Amino acid sequence: MLIFALICLSLSLTGVAGMQFFYLLYLERVGKEYKKRVRELEKTCFSLSNRLERAENMIRLRSRSVEETDEEFTSDEEVWADIIDDR
């Protein structure tokens, strides 16, 4: 009877060890997938940062051109106002 109990106990422990082994393999695979996903997200973040920087530069350039154009129109309006006042 004692031998039967020891056999059951050893089979149970073998089953638990097997289950832990396969769970460890599962965790390693999930960890690799997480690392892969993090690398993908880092690449996407880098790409989006570059796009954002280019967009900000374009906005700055357009703002400057709008300011310059606005200054040209403002000075032209003042000249026309002086011409109209002189008549």
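Let me begin with a definition: a residue is called buried under 20% relative accessible area, exposed over 50%, and partly exposed in between, with a 1.4 Å probe and protein chains only. By that definition Phe22, at a relative accessible area of 58%, is exposed.

The structure is a predicted model, in which local features need pLDDT of at least 70 and side-chain atom pairs count only at pLDDT 80 or more, while totals for chains, interfaces and linings use all residues. Residues are numbered from 1 along each chain as its sequence is written, and side-chain values use heavy atoms, with hydrogens and water left out.

I turn to the overall fold. The chain contains 1 helix and 0 strands; helices here are DSSP runs of H or I with at least four residues, strands are runs of E with at least two, and both are numbered from the N terminus. Helix α1 covers residues 2–86. Of the chain's 87 residues, 1% count as buried.

Next, the surface patches. A patch joins residues with over 30% relative accessible area and no salt bridge, linking like charges within 9 Å and nonpolar side chains (Val, Leu, Ile, Met, Phe, Trp, Tyr) within 5 Å. Leu2, Leu6, Leu9 and Leu13 make a nonpolar patch of about 430 Å². Leu9 belongs to helix α1 and is partly exposed, at 49% relative accessible area.

A patch of positive charge is formed by Lys32, Lys35, Lys36, Arg39 and Lys43. Lys and Arg count as positive, Asp and Glu as negative, and His and the chain ends are not counted; the charge is placed at NZ of Lys, CZ of Arg, CG of Asp or CD of Glu. Lys35, also in helix α1, counts as exposed because its relative accessibility is 57%.

Which side chains meet in a salt bridge? Those of Arg37 and Glu40 do, at 3.6 Å from N to O. Arg37 is partly exposed at 45% relative accessibility, as is Glu40 at 37%.

Note on methods: Accessible areas come from the Shrake-Rupley method with a 1.4 Å probe; for residues, only the protein chains shown count as cover. A salt bridge is a side-chain nitrogen of Lys or Arg within 4 Å of a carboxyl oxygen of Asp or Glu.
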